[in-house]
Amino acid sequence: MKNSLNKTARWSTLALALGIMSTISVQGLAAINWPGGGGNDTTKKSKDYKKGYKIGQEDCVKAPKDCKVLLEDVIANPGWGETEPNDHPSAADRIFLNRFYKGNTLDKFDQDWYYLAATSPNQNLMINFLGDQNNYTDTAGWLVKVHDRFGNVIATFDTTTTGTGNVYRNGDNPEDTVDPGEPLLAKTPLSDAHIMLTTLSFPGRYYISVESLEDTGDGRAYHIAAMISPSDQMSPNPDSNFQDAETEPNDLQEQADPLDSNVHIFGTFGRKWVRWFVPPEDNVDWLWPGCDPADISSLPLGQDNCNCDHTVPGNICVAQPRNDGQGTWEYAYDYDNDWFRYHSDGNEQLHFEMCTKGNCDFTRVHVRIIYVNNSVVLLDGPILPGVSFDLGAASPGTYFIELSPEPVDGPKVDPESGVHTVDDLTGPYNFMLRSTKLPAHGG
Ligand SMILES: [Ca+2]
Ligand SMILES: [Ca+2]
Ligand SMILES: [Ca+2]
Ligand SMILES: [Ca+2]
């Protein structure tokens, strides 16, 4: 790291938050303005930011984990609010980039539409979402949709308070340099903003709409901010004239998005920067399972303490890291996977097409199709974009499809440096499932 933290630091959360980009690059992005946030000496911050970001950008590309600081270090100025009525694209509120807007969801019929403009092809849109002022981190209760200029939905997000893949929180990525090993406390609620990412294919107008999710957002306020940055994606995102998009989070089978026959689905493989604490090997206590040294009633029969000799064959011991702050943090990208489900009445032929509506930047996509909760795996392997195949759905029931980007060669993360080494595992994709309505087995 040849640059001071001061110069490069403010880049960090941007770099992390914009993790969907394969090479990190950002044009003159300001920080997000926190509503009511005053900040001090904002002109200097802005100047520092511009000066440092070019060099910081290069450093962050080389060693992203060295970029440390939270977004609020560059926060200033108050935000704005929605203006009702705004329930339709024709009455949408303009949302200026990089600042929070406050909205109110009056009831289940209230939709709040905002619009913004992409200035070049394939820009990344990052939406930051917070709850009301009583509890900013209580973000669950809304559906946020991104629409193209025709109103087609190109991405849908559940604002749930947890998530993975291309939905995550700033607070998931902190690194505390003052007290290593301790979670970094958020300086403002912005650290816990719920992040939603998607790619905008074309220059021009896009819409964001916010609505209550099954009445759970009724009568509540929220805060929303949008940021735009370039992506390195070459092929266009074919986001017009299609019918549906994935809803994140969908990383678990029980979160699978429903599929209809003959509808092109658009999704994005995102990624998340994660860390975990690794204590030194000799810094571990071996305990009997379930034994708590502070609770005498948890001692196993015949034992007078919790210590378990793991070198004795047959002993099942549990490693308990000693919490004395020794150890190191490990870092890596956690890649997105997306679950979908299709209900079949049985006795039909299904045609699956991957990336036929438009090009995908991936070399391979891993497809897993299972019937009835893991009991029958019908397909489990990589396919090439542009490929289609047929599948007989003989039995009635739910067919689950899991998609994930598949590395072609080499490790995803350099074990020495912890730096991400495979660049082609994020970005948009499309697929379609079509029922031929023909019997799968000729009768
Ligand atoms: Ca409203
Ligand atoms: Ca409204
Ligand atoms: Ca996804
Ligand atoms: Ca996902």
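The protein has three helices and 26 strands, where helices (H or I, at least four residues) and strands (E, at least two) are DSSP runs numbered from the N terminus. Of its 443 residues, 50% count as buried; buried means under 20% relative accessible area, exposed over 50%, and partly exposed in between (1.4 Å probe, protein chains only).

**How to read the numbers**

- Residues are numbered from 1 along each chain as its sequence is written, while chains are lettered from A and ligands numbered from 1 in the order in which they are written.
- Because this is a predicted model, local features need pLDDT of at least 70 and side-chain atom pairs count only at pLDDT 80 or more, while totals for chains, interfaces and linings use all residues; side-chain values use heavy atoms, with hydrogens and water left out.

**The protein as a whole**

- Among contacts between residues at least 6 apart in sequence, 79% join residues at least 24 apart; a contact means heavy atoms within 4.5 Å.
- The accessible surface comes to about 20200 Å², and 51% of it belongs to carbon and sulfur atoms. Such areas come from the Shrake-Rupley method with a 1.4 Å probe, and for residues only the protein chains shown count as cover.

- Donors are N, O and S atoms within 2.8 Å of the metal (3.2 Å for Na, K and Ca), and water is not among the atoms, so sites may look incomplete.
- Glu248 and Asp338 are both buried.
- Glu248 also bridges the calcium ion (ligand 4) and the calcium ion (ligand 3), which lie 3.5 Å apart.

- Protein donors of the calcium ion (ligand 2) lie 2.2 to 2.5 Å from it, among them Glu84 (OE), Asp87 (OD) and Asp112 (OD). Their spacing along the chain is E-x1-N-D-x22-D-Q-D.
- Asp87 sits in the loop between β1 (80-81) and β2 (93-94) and Asp112 in strand β4 (residues 111-118), so the pair ties together parts that are 25 residues apart in sequence.
- Asp87 is partly exposed at 34% relative accessibility, whereas Asp112 is buried at 0%.

**Strands and their partners**

- Strands of a sheet pair through backbone hydrogen bonds, either parallel or antiparallel. Here, two strands count as paired if DSSP finds at least two bridges between them.
- Five strands form an open sheet with mixed pairing, in the order β12-β15-β26-β21-β24. Its edge strands, β12 (244-245) and β24 (388-393), each pair on one side only.
- Inside that order, β15 (residues 263-269) and β26 (residues 427-435) pair in the antiparallel sense over seven bridges, with Phe266 partnered by Asn430 in β26.
- Seven of the nine residues of strand β10 (residues 204-212) are buried, so this strand is largely enclosed by the rest of the structure.
- Strand β10 pairs antiparallel with β4 over eight bridges, and Leu116 stands opposite Tyr206 in β10.
- Strand β10 also runs antiparallel to β6 (residues 142-147), joined by six bridges; here Lys145 stands opposite Ser209.

**Salt bridges**

- The whole structure holds five salt bridges, each a side-chain nitrogen of Lys or Arg within 4 Å of a carboxyl oxygen of Asp or Glu.
- One of them joins Arg220 and Asp138, with the closest N and O atoms 3.5 Å apart. Arg220 lies in strand β11 (residues 220-230) and Asp138 in the loop between β5 (123-130) and β6, so the pair ties together parts that are 82 residues apart in sequence.
- Glu211 and Lys145 form another, at 3.6 Å between the closest N and O atoms. Glu211 and Lys145 are both buried.
- Arg364 and Glu406 meet at 3.3 Å, N to O; Arg364 is partly exposed at 24%, and Glu406 is buried at 16%.
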